[in-house]
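Hi,

Here is the structure you were after.

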Number of protein chains: 2
Amino acid sequence: MAPPPSMAVSPLVALIIRIITFICLFISIIVIATNKVTVVSRKTQTEVLFSSFYAYRYMLASGVIGMAYTILQTALTIFTVSTGNRLGGDGFAFLDFFGDKVISYLLATGAAAGFGLTVDLGRDEVVDSVIGSFLQKANVSTSLLFIGFLFSAISSVFSSLSLPKRVD
Amino acid sequence: MAPPPSMAVSPLVALIIRIITFICLFISIIVIATNKVTVVSRKTQTEVLFSSFYAYRYMLASGVIGMAYTILQTALTIFTVSTGNRLGGDGFAFLDFFGDKVISYLLATGAAAGFGLTVDLGRDEVVDSVIGSFLQKANVSTSLLFIGFLFSAISSVFSSLSLPKRVD
């Protein structure tokens, strides 16, 4: 199998992928951070927030870090698209490569931690009857984070393919 | 920043990384699959198994798939080390690249799903007093899966660096 004719990805395509990643992470963060439900028992009212669960805290943290990185990369890609030159050359290709890899793993683990908790909590009928709406919103946020991860993984494939030539 | 003098990774180093990945996944699978605890209440005995939780089922599935893939890659790497030639040339470099990427994401999500569930379950005092030993064993298995993921991520970096030259 011969390698494809050109492995350098158009900066415009790279930009679109980054923007989709950003939008998914942005909405995911808003949904999880505003997610709350008030549980009323006989005498007390308890507020359940995303911060009541470590898995959702980690999810939010991974989403925020991922979004900050994506904004930075989007700015760099806009610079590339508008000037036609990639800032810094080969050195930046390695930064992109490792940055994209680490951030996509971070988003993958964030989404998986969220699903890991939500799915099994939701299977408990008592829990589901009390905070079912909370879990549904958490699921929406986790799904968006997962979609954001998928697009960050595409960015990671692109940055791997754009690595400088191997020195034989 | 100039690229390093040579980006092709020694097949022997690649082999060692694969073998460590295999060992971690193998022990992780055994620990989670044999994990069980019997909960005795007044009248009934209930067995809690890994399969009682979807997160642990997913963990086991990702570990098994990851192990099968690692065995295949180990065999191919042994072939490379012993003959000095890589089977199939550039085509296989792309298969390695995408295979390593997908499998490392799979292991990352498997470990994260396990942690996401175990950490928040363990924070519940009632749950922890009943199935605390079960959760501790699950944590050991998840930690090993996570270490396996880290080594598979190293393999993924190697296979990205070994991609055929970019065609400009």
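One term before we start: by a polar contact I mean a pair of N or O atoms within 3.5 Å, where within protein one must be able to donate a hydrogen and the other to accept it, and residues adjacent in sequence count only if both atoms are side-chain atoms. With that in hand, take Ser152(B): its side chain reaches the backbone oxygen of Phe149(B) at 2.8 Å.

Some housekeeping. This is a predicted model, so to speak of local features we need pLDDT of at least 70, and side-chain atom pairs count only at pLDDT 80 or more, while totals for chains, interfaces and linings use all residues. Residues are numbered from 1 along each chain as its sequence is written, chains are lettered from A and ligands numbered from 1 in the order in which they are written, and side-chain values use heavy atoms, with hydrogens and water left out.

Now the empty space. Rolling a probe the size of a water molecule over the atoms shows where empty space is left. A cavity here is a set of points, on a 1 Å grid over the protein atoms alone, where a 1.4 Å probe fits but cannot get out, and a lining residue has an atom within 4 Å of a point. Grid points are joined across faces, edges and corners, and the volume is the space filled by probe spheres set on the points. How many cavities of 30 Å³ or more does this give? The count comes to 4.

The second largest cavity is the one I followed up, with a volume of about 50 Å³. Its lining is made of Arg18(B), Thr21(B), Tyr69(B), Thr70(B), Asp100(B), Ile103(B), Leu107(B), Ser152(B) and Ser155(B). Two or more residues of that lining come from each of α1 (11-33), α2 (54-83), α3 (90-123) and α4 (125-161) of chain B. The biggest share of the lining is from α3(B), with 3 residues. Sorted by class, the lining has 3 nonpolar, 4 polar and 2 charged residues. For that sorting, Ala, Val, Leu, Ile, Met, Phe, Trp, Tyr, Cys and Pro are nonpolar, Asp, Glu, Lys and Arg are charged, and the others, Gly among them, are polar.

Two of the lining residues got a second look. Beyond its neighbours within four places in sequence, Ser152(B) is in contact (heavy atoms within 4.5 Å) with Thr21(B), Ser104(B) and Leu107(B).

Thr70(B) belongs to helix α2 of chain B and is buried too, with a relative accessible area of 4%. A polar atom of the Thr70(B) side chain lies 2.6 Å from the backbone oxygen of Gly66(B). Leaving out neighbours within four places in sequence, Thr70(B) touches Arg18(B), Thr21(B), Phe22(B) and Leu25(B) by that contact rule.

For contrast, Phe26(B) sits in helix α1 of chain B and is partly exposed, at 39% relative accessible area.

Then the strands. Two strands pair if DSSP finds at least two bridges between them. In chain A, β1 (residues 36-40) and β2 (residues 45-49) pair in the antiparallel sense over 5 bridges, and a hairpin of 4 residues joins them. Thr38(A) has Glu47(A) as its bridge partner, and Lys36(A) stands opposite Leu49(A).

In chain B, 5 bridges join β1 (residues 36-40) to β2(B), and the strands run antiparallel. A hairpin connects them through 4 residues, and Thr38(B) stands opposite Glu47(B). In the loop between β2 (45-49) and α2 of chain B you will find Ser51(B), partly exposed at 25% relative accessibility.

Cheers

Methods:
1 Å grid on protein atoms, 1.4 Å probe; cavity = no way out; pocket = protein on both sides within 12 Å on 5 of 7 lines; lining within 4 Å. Buried < 20%, exposed > 50% of the residue type's maximum accessible area, 1.4 Å probe, protein only.
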